[in-house]
Amino acid sequence: VRESNFTKLCNTTTLLVVNDSYPGPEIRVHKGDTVFVNVYNRGNYGFTIHWHGVKQPRNPWSDGPEFITQCPIQPGTNFTHEIILSDEIGTLWWHAHSDWTRGSVHGAFIILPAENETYPFPTPYADQTIILESWYNGDYKQIIDDALAAGVAPRTADAYAINGHLGDTYGCPNDTIFLMEVESEKIYLLRIINAAMNEEQFFTITNHNLIVVAHDASYVRMFTTDYIMISPGQTMDVLVIADQNVGQYYMAIRPFSDSAAPPSDFITTGVFQYTNNEGGLNASLIPLPAMNDTDAMLNFINQIRYTNVSQNPTINVPADTDINRRVYIAIATNTLPCNTSECVSDSRFAASLNNVSFVSPRIDILQAYYGRNITGVFTQDFPFNPPVFYDFTGNLTDFNTEAGEGTRAIMVNYGDAVEMVLQTTRLGAGGSHPIHLHGFSFYWVGIGTGNFNNETDPSTYNLVDPPLINTVHSPAEGWVALRFFANNPGVWYMHCHFERHSSWGMSTVLIVRNGTTTETSMRPPPSTMPRCPGT
């Protein structure tokens, strides 16, 4: 991992990247493998790497979020991650988990079927990874460092990219366009990863149907659509059949946003090109929804369902009678006092879960929790309900937006059946939030508008075939309900995958206590964990 120069938008930028490539190298493994990845830091500052969507059973030591499960890999040092796969199948990804470094340090993590397994759909002729990215002219870490120091929102992206290519819509003649070459009548598997910083994205291929077959490394009931909507952190596996007239067709992305602080409304293009094609691009209009088309977003995500195929883990949704730990979390953007010389006003942007704006410690929580007799790093008292119940989705014009600060963990016992309801509020700019939980895939059992009603809304839950995912779209002025068994001991980060919100404190930590046996307890730490600054 080292600095390298890239020229886009007719501007040269120095970025921290892996193996001199943007996006970074793709790792391809098989279901159930254990993978060792040695990360060498040849850059100028410390960072960590996270294996997004890998549950890492009993092994939080290699999960990667900075100051949660480890301290940074410092310049001139290295650290070997042991990545333990279990029932994940399909497409995941890896990315830096420090500051905003993931903007340039990321790549695909492809989990192929086990040697004796097949796909639960027609075997594709070939597969193609499609990584959706936010491009900034500038160093990602510097952009967020400057914004946090001033207490202001970081600037919006200068462009969006498909596999590092900006396409033909930004006006710089030197920019390249991603080209996927296909043979007529063949089936292709697209492995789509949203690695964007702060943008959910619509994706389409002009004149072609998309058949969604997997989501967050779990197979789903196949459905056909003109477009997908994918949140930062999420992955989707999509079949496309090259069944149109031989030619060139646009693939394209555009953000979705229901926030009062929307991202840049850019369309980025790629090309889906048939072999032996003659002539230019098909001039059909790109059929992407408008950026604020909430109906298009809901119509898509509401079609996603678990599928009961042998290649999926057996469905195991906690029943109503199982639930013994309920957590109701209000998600908000807030303000906090700003009192440094760089502040542009006396308040700064912040974000919170249950009015706790997460403060990142300087010693990782996992090390402090595991038993090195380190105190003062975190507390075990994250509130299981909002400290104040208000009209979360109503008019909050004169409402006090200030949050409290803390490093407070959600504590559960091994084996607890957890129901977590995420309530989006209209505080600040409002809008949707992609919430990611490390160490687990969870069942997304419910979604609704307005304030969650714990008496009537559970009757709308889907407990039959809810999607099994690791990052959920929590809609603006609404809620989602998640269920899972806390069967993975360790310290697991939970956060908004909009990087600006995570930077402002929209995160917490779920700590699952050890069970009563070795098999239900955390593994001991490797001797090679990076040292924390000052220890």
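Biologist: How many disulfides does the structure hold, and how do I read one?

Modeller: A disulfide is a covalent bond between the sulfur atoms of two cysteines. Here the term covers a pair of cysteine sulfur atoms within 2.5 Å. The structure holds three disulfides. This is a predicted model, where local features need pLDDT of at least 70 and side-chain atom pairs count only at pLDDT 80 or more, while totals for chains, interfaces and linings use all residues. Residues are numbered from 1 along each chain as its sequence is written, and side-chain values use heavy atoms, with hydrogens and water left out.

Biologist: Which residue forms a disulfide with C10?

Modeller: C10 pairs with C172, and their sulfur atoms are 2.0 Å apart. The angle about the S-S bond is 100°, and the link of C10 and C172 is right-handed.

Biologist: Where do C10 and C172 lie?

Modeller: Strands and helices are DSSP runs, numbered from the N terminus: helices are H or I with at least four residues, strands are E with at least two. C10 lies in the loop between strand 1 (2-8) and strand 2 (11-17), and C172 in the loop between strand 10 (159-162) and strand 11 (178-182), so the pair ties together parts that are 162 residues apart in sequence.

Biologist: Is C172 buried or exposed?

Modeller: Buried means under 20% relative accessible area, exposed means over 50%, and partly exposed is in between (1.4 Å probe, protein chains only). C172 has a relative accessible area of 12%, so C172 is buried. C10 has 47%, so C10 is partly exposed.

Biologist: What does a disulfide join to C71?

Modeller: C71 is joined to C532, S to S 2.0 Å. This link is right-handed, with 85° about the S-S bond. C71 sits in the loop between strand 5 (49-52) and strand 6 (78-84), and C532 in the segment after strand 32 (507-512), so the pair ties together parts that are 461 residues apart in sequence. C71 is buried, with a relative accessible area of 0%. C532 is buried too, at 4%.

Biologist: Why is the disulfide of C338 and C343 left-handed?

Modeller: The torsion about the S-S bond of C338 and C343 is about -85°, so that disulfide is left-handed. The S to S distance for C338 and C343 is 2.0 Å. Both C338 and C343 are buried.

Biologist: What is the pairing when the bonded cysteines of the chain are numbered in sequence order?

Modeller: The pairing is 1-3, 2-6, 4-5.

Biologist: Now the aromatic rings. How do I read a pair?

Modeller: A pair of aromatic rings is described by the distance of the centres and the angle of the planes. Rings of Phe, Tyr and Trp (its six-membered ring) pair if their centres lie within 6.5 Å; planes under 30 degrees apart count as stacked, over 60 as edge-to-face and the rest as tilted. By this rule the count comes to 29 aromatic pairs. Take F440 and F484: their ring centres are 5.0 Å apart and their planes are at 45°, so the pair is tilted.

Biologist: Where do F440 and F484 lie?

Modeller: F440 lies in the loop between strand 26 (433-437) and strand 27 (442-449), and F484 in strand 30 (residues 478-485), so the pair ties together parts that are 44 residues apart in sequence. Both F440 and F484 are buried. Y461 and W479 also form a tilted pair, with 6.4 Å centre to centre and 55° between the planes. Y461 is in the loop between strand 27 and strand 28 (468-469), W479 is in strand 30, and the two are 18 residues apart.

Biologist: Which residues form one aromatic cluster?

Modeller: The cluster is formed by Y328, F389, Y390, F392, F399, F452, Y461 and W479.

Biologist: Which residues does N354 contact?

Modeller: Contact means heavy atoms within 4.5 Å. Leaving aside neighbours within four places in sequence, N354 is in contact with several residues, including Y328, I329, A330 and F382. The side chain of N354 reaches the backbone nitrogen of A330 at 2.8 Å. N354 is in the loop between strand 21 (347-353) and strand 22 (356-358). At 1% relative accessibility, N354 counts as buried.

Technical notes. A polar contact is a pair of N or O atoms within 3.5 Å; within protein, one must be able to donate a hydrogen and the other to accept it, and residues adjacent in sequence count only if both atoms are side-chain atoms.
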